[in-house]
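This report walks through a single protein model, taking its features one group at a time. The sequence and the structure are shown first, and the account follows them.

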Amino acid sequence: MNYHNYYSLDVVNGEGTRCTLFVSGCEHKCVGCHNASTIKPESGHPYTQELEDQIIKDLGDSRIHRDGLSLSGGDPLYPGNLDDIGRLVRRVKEAYPDKNIWLWTGYIQEKLSERQKEIVQYVDVLIDGPYVQTERDLTLPWRGSRNQRMIYMLAEH
């Protein structure tokens, strides 16, 4: 897996103060994509064990408090990202069971593959659905178009 950006302190991508990782790779290729530079899976930088360890460490920062990790992209549920994202969400929940994980995906929850569902079980807030430019609505919290849903999951760890 590759990634484009990692922010150890972020107040824009989800509620509260968070760590945010923008991964590479997305097969949706939505017209008007806000993060079009992240579509190609080989773009960005290699995701490393060192970065993953740093994310786990950064989540312990007192400024993060009870907030957590945001995963965006690209698409964290892109098939090429599943191994690394799966390991990361499991580690986060093991180390910080009270912190929440938000994940943005262009896939629809009801149509996720079994491997994608395994990851989503660790997610607290799922924003699903592709960005649809004709349904653009900048008044929606945390979403870009009206078709996208913000689903509060009962994460089971």
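## Leu77 and its surroundings

In this predicted model, Leu77 makes contact, beyond its neighbours within four places in sequence, with Leu82, Leu103, Thr105, Tyr107, Leu112, Gln116, Ile119 and Val120.

## Nonpolar cores

The largest nonpolar core has 30 residues, and those with the most contacts inside it are Leu21, Tyr47, Ile55, Leu69, Leu71, Leu77 and Leu88. At least two residues of this core are supplied by each of β1, β2, α1, β4, α2, β5 and α3, while the largest share, 5 residues, comes from α2.

In soluble globular proteins, nonpolar side chains tend to be buried together.

## The sheet and the helices packed on it

The sheet is an open one of 7 strands, arranged in the order β3-β1-β2-β4-β5-β6-β7 with mixed pairing. Its edge strands are β3 (45-46) and β7 (149-152), each of which pairs on one side only. Within the sheet, strand β4 (residues 68-73) and strand β5 (residues 100-104) pair in the parallel sense over 4 bridges, and Asn100 in β5 is the bridge partner of Gly68.

Helix α1 (residues 49-58) packs on the sheet, where it touches β1 (2-10), β2 (18-23) and β4, and its direction makes about 20° with that of β1. Helix α2 (residues 82-95) also packs on the sheet, touching β2, β4 and β5, with a direction that makes about 165° with that of β4.

## Salt bridges

Side chains of opposite charge can pair when their charged atoms come close. A search of the whole structure finds 11 salt bridges, and a network of them links Glu52, Asp53, Asp84, Arg87 and Arg91. Another salt bridge joins the side chains of Arg63 and Asp61, with an N to O distance of 2.7 Å; Arg63 counts as exposed at 53% relative accessibility, whereas Asp61 counts as partly exposed at 23%.

Asp98 forms a salt bridge with Arg66, the closest N and O atoms being 3.7 Å apart. This pair links distant parts of the chain, since Asp98 lies in the loop between α2 and β5 and Arg66 in the loop between α1 and β4, 32 residues apart. Asp98 is exposed, with a relative accessible area of 52%, and Arg66 is partly exposed, with a relative accessible area of 48%. In the salt bridge between Arg149 and Asp128, the closest N and O atoms are 2.6 Å apart. Arg149 belongs to strand β7 and Asp128 to strand β6 (residues 125-128), so this pair ties together parts that are 21 residues apart in sequence. Arg149 is partly exposed, with a relative accessible area of 32%, whereas Asp128 counts as buried at 0% relative accessibility.

## Cysteines

A disulfide is a covalent bond between the sulfur atoms of two cysteines. The structure holds 0 disulfides. Cys33 is accordingly in no disulfide, and the nearest cysteine sulfur, that of Cys30, is 6.2 Å away, whereas a disulfide would need the two sulfur atoms to be within 2.5 Å.

Which class of exposure does Cys19 fall into, buried or exposed? Cys19 counts as buried, because its relative accessibility is 0%. Cys33, by contrast, counts as partly exposed, because its relative accessibility is 28%, which places this residue between the 20% and 50% limits.

Methods. Residues numbered from 1 in each chain as written. Predicted model: local features only at pLDDT ≥ 70, side-chain atom pairs only at ≥ 80, totals over all residues. Heavy atoms only, no water. Pairing = 2+ DSSP bridges. Contact = heavy atoms within 4.5 Å. Axes fitted to C-alpha atoms, helices over the stretch in contact; angles between N-to-C directions. Buried < 20%, exposed > 50% of the residue type's maximum accessible area, 1.4 Å probe, protein only. Salt bridge = Lys/Arg side-chain N within 4 Å of Asp/Glu carboxyl O. Core = buried A, V, L, I, M, F, W, Y, C linked by side-chain atoms within 4.5 Å.
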